[in-house]
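Biologist: I am new to this structure. Could you take me through a few of its helix contacts?

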Amino acid sequence: MEVPRRRLPSFTLTLPKPASSALASFGALQKVTKKDSMPQEPDEASEKTESGEETFIPEAEDSDAFVEDPAETSGPVDTRSRISSQDSFTEERLAQDAEEVEKKSEEEEAAAKARAAQRQLMSIEELVQSERNYLRLLQVSTVTIRSNLQTLQPPLANLDSMFLYIDEVMDVSSRLLSLLDQKQVQPGDPQFLETLCASFLSLSSDIEAAYREYLANYNNVTMLENSYKQKEDVWNEIVDVIKASAPEVNATSLSFFLVMPVQRIARYPLLLQTIKKHTDPAHPAYAVLEHTAHTSIAINCRINEYKRFREVADKYKKTETLTIKDKINRLNSHSIAKKTARLSQQIKHEAGIVPKLVDEEFNVLEGFFHVLGHGILQLLENVETYLHHLQGFLACKTEEFDFDMDGEKLLICYKEITTALRQWILPTFEKRMRTLIHKPLCALRDLLVGPRNLIKKRLDKLLDYELIEAKSNLTYEEQAVANTYRTINTLLLNELPQFNAVALQMIWSMLGTYSCLHKDLASDMEQLFQSFTQQLPHSSFSPGAFWEWADTAVLEGARRLETLCRSVEETLNAPFVQPLSPSSQRRLKQLTDKHGSGKIYQVGGVVVGSRDLDLNLAKGELVAIISEMDTRGDKRRWLVDTGGRRGYAPSSKLIRYHQPSEDPPPSPHLTLPDGATGIRRHSYTPESRPLTVMSQPSFQVMAAYDFTARGSHEVSLRAGESVRVLEAHDKRGHPEWSLVEGRGGQRGYVPSNYLTITPLGTGPPGGFH
């Protein structure tokens with residue numbers, strides 16, 4: 001038989017949930033009271049109220065002890081008092097809940113700040129520690145691996161090009177870490193972030209300069225590494241050296257190390273943005289951190305733009321040596337149409353049909369560049385001529401000849417001095433001259449090729465750009481053409497001033513070095529001659545007597561030198577007619593018929609064009625002068641016609657050409673008597689017509705027509721003037737010119753076929769008989 005258990009009173013356990021209102025709490029309490037007065041199931045332990053509160057009913061043996069008195073729950077006074085107590089209880093509970101919520105939110109906020117600070121610290125430590133590891137690996141690649149690769153036999157070609165500009169990258173990275181170490185603050189210190197940002201900003205320009213050159217050259221690094229990979233034996237040796245030099249990193253190629261700067265410069269913005277993300281905006285270094293992050297992004301943008309400019313420049317500044325077959329193979333409908341459009345646009349410019357886009361700033365830079373290039377080529381030519389004469393002087397070893405004057409003290413001193421000059425002083429001077437002057441000038445001359453090609457390509461792209469400039473809607477190809485022109489133009493405007501400044505500085509430096517070399521040469525020669533002062537024959541003279549003797553000796557030497565120079569000048573300036581090839585004769589006839597004989601000039605030296613419309617001319621080539629200045633009024637550049645091409649040539653390389661005409665025009669002053677035969681002298685040579693001096697000559701030599709002297713070695717004649725033939729040839733034995741003496745005793749050369757022989761008495765009076 002089951003013994004009935006006593007019912008236990010129920011009580012309400014309120015969960016931590018805010019009550020919606022006092023009335024809801026009162027309803028919940030009233031429900032619980034009603035439920036307590038209602039019979040429950042024997043095994044029911046809990047139930048829920050209407051407000052969602054859970055009511056637990058404990059079990060007990062005596063249920064009658066907890067039965068409520070119906071009289072206590074029936075009065076209105078008791079109900080009001082119960083409601084009042086419940087309201088006070090609810091307000092207290094609400095206040096406690098609000099305090100708990102506020103406390104909990106404060107705790108959560110403090111925990112979030114702590115987590116953000118921890119993440120900020122971890123991000124800062126990651127930037128600093130990764131920078132140290134990055135610098136360490138670069139040092140391993142440039143010091144250990146590079147030195148070991150240099151020991152390979154045979155040596156690797158262009159190995160130093162693999163590590164070009166990496167030293168600058170390492171330098172700026174080590175300087176950044178040094179600035180952080182100098183402050184002696186730890187990453188956990190609040191001032192460390194400000195120190196980090198200030199250090200980065202102070203080195204921002206150096207970081208950009210170092211990384212942009214490295215990234216612009218990185219394509220060459222990859223190409224060189226690929227060339228190593230094509231040789232399997234060489235590449236296996238390189239891999240073995242890398243593994244042995246850095247076993248802890250497990251690298252199998254040089255690109256593992258050399259790509260690190262490319263990745264590092266792009267990682268700076270990510271690391272700084274991460275630090276900024278976990279930094280409180282109220283932090284004192286937040287503003288400078290934000291500025292640093294923006295600066296790192298701007299550096300990457302400028303480096304990318306510079307790299308794009310360099311790629312365009314490398315594409316167009318290359319000089320290709322193409323055969324005619326290669327050029328023909330490159331022809332297609334697109335290239336023909338493009339070149340035709342450019343030619344049409346250029347003709348419209350010359351004819352004034354369409355205006356030409358003028359960039360004054362670029363024109364000034366271009367003009368200075370061409371002047372600078374011309375100066376560099378002239379200086380290099382002069383230095384090479386100087387070295388050539390110096391070599392000729394050293395090759396002539398006069399001290400080795402036997403003059404049969406072994407007892408002469410002066411000869412002994414001369415031999416000793418000359419030997420010292422040729423074996424020690426002058427060879428050292430020549431070596432320094434080639435190293436410090438000639439070699440840099442050659443390098444500077446080679447550097448002119450790239451900008452010159454880029455300037456020419458800009459002109460082509462400018463013509464293309466002018467054709468599409470007025471269009472409102474551009475196609476993809478037209479937009480690419482416009483972008484290419486703007487890129488080349490911007491690149492030249494930015495880089496050409498720097499190139500001009502550096503080239504000018506190098507020229508001034510080389511000129512200063514040239515002066516210093518000659519100063520050192522004079523000092524060495526002075527020291528050499530001082531050692532022979534006592535052995536010279538006039539060393540016993542007093543200072544006054546010595547200087548008197550020196551003045552006399554110098555004046556006498558100058559007189560003899562002047563006489564020698566005059567003799568050499570007469571020999572060198574003698575007229576010389578270079579025999580013409582059949583093709584040159586045809587060109588001469590064509591140019592003479594078109595422009596006249598007075599416009600014919602001959603090229604005195606090799607001409608290499610350096611500007612637009614300049615011609616490349618060989619020495620001795622014949623041209624006709626169209627204009628004695630260019631379109632800018634520069635009289636140093638003449639517009640010439642070569643018989644096919646027209647262009648500009650330097651006036652200093654052009655010499656007026658004179659070829660004696662085969663059939664000179666008849667002289668109006670020359671009248672031969674009937675029955676007399678005039679014999680025109682085409683050339684006076686001893687073999688063809690020897691000149692016989694007779695006591696009573698029956699013929700005389702006269703000028704057939706006027707001739708105007710062009711130099712001191714020639715003499716002017718008028719038609720019908722009698723002359724005396726002194727030599728029927730020039731100094732070199734050519735019969736085309738004759739040395740004659742005219743009126744007043746003037747002597748000089750005249751063309752032989754300008755002279756004629758006439759019977760005595762037919763010429764004007766006053767001639768030579």
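Predicted model: local features only at pLDDT ≥ 70, side-chain atom pairs only at ≥ 80, totals over all residues.

Biologist: How are H10 and H16 oriented to each other, roughly parallel or roughly perpendicular?

Modeller: Helix H10 covers residues 286-316 and helix H16 covers residues 476-530. Their axes lie 10 Å apart and pack at an angle of about 100°. Angles of 65 to 115 degrees count as roughly perpendicular. H10 and H16 are therefore roughly perpendicular.

Biologist: How many nonpolar residues has the contact of H10 with H16?

Modeller: On the H10 side, the residues include Tyr306, Phe309 and Val312, and on the H16 side they include Ile488 and Leu491. By class, this contact has four polar and two charged residues, and the nonpolar ones number seven.

Biologist: Is Asn489 buried or exposed?

Modeller: Asn489 is in helix H16. Residues under 20% relative accessible area count as buried. Asn489 has 11% relative accessibility, so it counts as buried.

Biologist: With which side chain does the side chain of Asn489 make a polar contact?

Modeller: Leaving aside neighbours within four places in sequence, Asn489 is in contact with Asp359, Phe362 and Arg458. The polar contact, at 2.9 Å, is from the side chain of Asn489 to the side chain of Arg458.

Biologist: Which residues of H15 meet H13?

Modeller: Helix H13 (residues 360-395) and helix H15 (residues 449-468) pack at about 145°, with axes 12 Å apart, and H13 passes H15 in a left-handed crossing. From H13, the residues in this contact are Phe362, Glu366 and Phe369. From H15, they are Pro451, Arg452, Ile455 and Arg458.

Conventions:
Residues numbered from 1 in each chain as written. Heavy atoms only, no water. Axes fitted to C-alpha atoms, helices over the stretch in contact; angles between N-to-C directions. Helix = DSSP H or I, 4+ residues; strand = E, 2+ residues; numbered from the N terminus. Parallel < 35°, antiparallel > 145°, perpendicular 65-115°, else oblique. Contact = heavy atoms within 4.5 Å. Nonpolar A, V, L, I, M, F, W, Y, C, P; charged D, E, K, R; others polar. Buried < 20%, exposed > 50% of the residue type's maximum accessible area, 1.4 Å probe, protein only. Polar contact = N/O pair within 3.5 Å; in protein donor to acceptor, adjacent residues only side chain to side chain. Left-handed = near helix turned anticlockwise from the far one by under 90°.
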